Amino acid sequence: MLDNLVVTFVYSAGDGAIHAVHREARYIYLPSSAAASGRDDRNDIDNSHMPRSFFTIEYQWVEEADVDFQGGIFTLFLGVLIVTLSGIMAGETSVDERDGIESMSSGGVSGRKNRLKNK
């Protein structure tokens with residue numbers, strides 16, 4: 001049986017706008033014989049005077065801190081910049097290493113000069 005319903009409103013302090021609404025239902029256990037008779041065996045209380053549809057609603061208001069958009073955008077920009085630069089640097093290094101290996105292994109002019117010097 002539904003005992004308590006908690007409704008939580010999350011709002012901002014600056015403009016008072018509600019950003020989110022959450023709910024949580026709390027139930028109590030009543031054995032089938034106690035539910036039929038209206039008697040709560042857990043607390044030994046006779047609940048026959050209470051209708052079965054009775055439950056309480058509790059409202060909670062949670063204040064959310066204001067968000068600094070400029071700080072968030074700056075942090076995001078720095079993160080993207082670092083990832084982009086590291087990708088470019090890694091790509092350049094792999095291209096340089098691959099060019100060096102291909103020029104030595106190929107039968108090109110630079111490969112022949114290196115082989116002649118080594119002999």
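User: Which residues does Gln60 touch, not counting residues up to four places away in sequence?

Analyst: In this predicted model, Gln60 touches Val6, Val7, Thr8 and Phe9, with residues up to four places away in sequence left out of the count. Gln60 itself has its place in strand S5. As for Thr8, the C-alpha atoms of Gln60 and Thr8 are 4.6 Å apart in space, although 52 residues separate the two in sequence.

User: What makes the link between the side chains of Gln60 and Thr8 a polar contact?

Analyst: The distance is what to look at here. The two side chains are joined at 3.4 Å, and the cut-off for a pair of N or O atoms is 3.5 Å. The value falls within that limit, so the link counts as a polar contact.

User: Why does Gln60 count as partly exposed?

Analyst: Gln60 has 31% relative accessibility. Buried would need under 20% and exposed would need over 50%. Since 31% sits in between, Gln60 is called partly exposed.

User: And Thr8, is that one buried or exposed?

Analyst: Buried. Its relative accessible area is 15%, which is under the 20% cut-off, so Thr8 gets that label. Thr8 lies in strand S1. Leaving aside neighbours within four places in sequence, Thr8 is in contact with Ala20, Val21, His22, Gln60 and Val62. Of these, His22 is the bridge partner of Thr8 in S2.

User: How do you know that S1 and S2 pair up?

Analyst: Count the bridges. Two strands pair if there are at least two bridges between them, and nine join S1 to S2. Besides Thr8 with His22, Val6 stands opposite Glu24 in S2. The two strands also form a hairpin with five residues between them. In the turn, Gly16 has a positive phi of about 75°.

User: What order do the strands of the open sheet have?

Analyst: The three strands are in the order S2-S1-S5, and the pairing is mixed. Strands S2 (18–27) and S5 are the edges: each has a single partner strand, so one side of each has no neighbour in the sheet. From one strand to the next, the twist averages 20°. As for what holds strands together, strands of a sheet pair through backbone hydrogen bonds, either parallel or antiparallel.

User: Now the rings. How many aromatic pairs does the structure hold?

Analyst: Three. One of them is Phe9 with Tyr59, a stacked pair at 6.2 Å centre to centre with 20° between the planes. This pair links distant parts of the chain, with Phe9 in strand S1 (residues 2–12) and Tyr59 in strand S5 (residues 56–64), 50 residues apart.

User: Why is the pair of Phe9 and Tyr59 called stacked?

Analyst: There are two checks. Ring centres must lie within 6.5 Å to pair, and 6.2 Å passes.

User: What makes Phe9 buried, and what makes Tyr59 exposed?

Analyst: Phe9 has 16% relative accessibility, which is under 20%, so Phe9 counts as buried. Tyr59 has 52%, which is over 50%, so Tyr59 counts as exposed.

Phe9 also forms a stacked aromatic pair with Trp61, at 4.5 Å centre to centre and 20° between the planes. That pair too links distant parts of the chain: Phe9 is in strand S1 and Trp61 in strand S5, 52 residues apart. Trp61 has a relative accessible area of 54%, over the 50% cut-off, so Trp61 is exposed.

User: Which residues do the ring pairs link into a cluster?

Analyst: Phe9, Tyr11, Tyr59 and Trp61.

User: Stepping back, how many helices and strands does the protein have?

Analyst: There are three helices and five strands, running β-β-α-β-β-β-α-α from the N terminus on. Of the 119 residues in the protein, 12% are buried. The accessible surface comes to about 9,700 Å², and 60% of that belongs to carbon and sulfur atoms.

Terms used:
Residues are numbered from 1 along each chain as its sequence is written. This is a predicted model: local features need pLDDT of at least 70, side-chain atom pairs count only at pLDDT 80 or more; totals for chains, interfaces and linings use all residues. Side-chain values use heavy atoms; hydrogens and water are left out. Rings of Phe, Tyr and Trp (its six-membered ring) pair if their centres lie within 6.5 Å; planes under 30 degrees apart count as stacked, over 60 as edge-to-face and the rest as tilted. Helices (H or I, at least four residues) and strands (E, at least two) are DSSP runs, numbered from the N terminus. Buried means under 20% relative accessible area, exposed over 50%, partly exposed in between (1.4 Å probe, protein chains only). Accessible areas come from the Shrake-Rupley method with a 1.4 Å probe; for residues, only the protein chains shown count as cover. Axes are lines fitted to C-alpha atoms, for helices over the stretch in contact, and angles run from 0 to 180 degrees between N-to-C directions. Contact means heavy atoms within 4.5 Å. A polar contact is a pair of N or O atoms within 3.5 Å; within protein, one must be able to donate a hydrogen and the other to accept it, and residues adjacent in sequence count only if both atoms are side-chain atoms.
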